[in-house]
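Student: Hi! Could we go through how the helices pack in this one?
Tutor: Happy to, here it is.

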Amino acid sequence: GLVAALEAQSRKASVPVSVEADAVGRYPADVEATVYFCTLEALQNVAKYAGADRTVIRLSQSNGSLSFEVVDEGRGFDPDAVATGSGLQGMADRLAAVGGSLEIRSAPGSGTTVAGRVPVTAA
């Protein structure tokens with residue numbers, strides 16, 4: 001499942017990663033693949049740009065949506081001052097293709113949270 005796949009990838013990350021999953025089950029394959037690949041892209045961004053000591057992946061389901069967050073305590077950035085790179089645009093496009101959305105929360109010196117939400121029904 002999604003949680004096991006992300007836990008396996010987290011063990012390979014260049015920065016220590018913990019996975020927190022709350023009431024997350026199985027979902028349609030396209031939804032699981034979308035969340036998986038978006039989470040991996042966010043982890044790659046942490047490794048390349050964040051300068052973080054650790055990262056947390058949070059997964060949860062509520063109100064008919066599967067949500068994920070990749071949170072780091074790295075250097076952060078001003079999302080309004082930085083052009084959206086191909087990785088972030090790719091995540092947004094991938095999520096939109098399954099009816100979801102992407103949100104980036106960051107500030108210089110305050111880390112970054114990459115958050116996504118996809119409407120679901122458990123498989």
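Tutor: One term to begin with: angles under 35 degrees count as roughly parallel, over 145 as roughly antiparallel, 65 to 115 as roughly perpendicular and the rest as oblique. The model is predicted, so local features need pLDDT of at least 70 and side-chain atom pairs 80 or more, while totals for chains, interfaces and linings use all residues. Residues are numbered from 1 along each chain as its sequence is written, and side-chain values use heavy atoms, without hydrogens and water.

Student: At what angle do H1 and H2 pack?
Tutor: About 20°, with the axes of H1 (residues 2-10) and H2 10 Å apart. H1 and H2 are therefore roughly parallel. Axes here are lines fitted to C-alpha atoms, for helices over the stretch in contact, and angles run from 0 to 180 degrees between N-to-C directions. Helices are DSSP runs (H or I, at least four residues), numbered from the N terminus.

Student: Which residues make that contact?
Tutor: Leu2, Ala5, Leu6 and Gln9 of H1, with Glu32, Val35, Tyr36, Thr39 and Leu40 of H2. Contact means heavy atoms within 4.5 Å.

Student: New topic: how do the axes of H2 and H3 cross?
Tutor: The axes of H2 (residues 29-50) and H3 (residues 86-97) cross at roughly 165° and come within 10 Å. That makes H2 roughly antiparallel to H3.

Student: And which residues meet there?
Tutor: From H2, Thr34, Phe37, Cys38, Glu41, Ala42 and Asn45; from H3, Gly87, Leu88, Met91, Arg94 and Leu95.

Notes. Helices (H or I, at least four residues) and strands (E, at least two) are DSSP runs, numbered from the N terminus.
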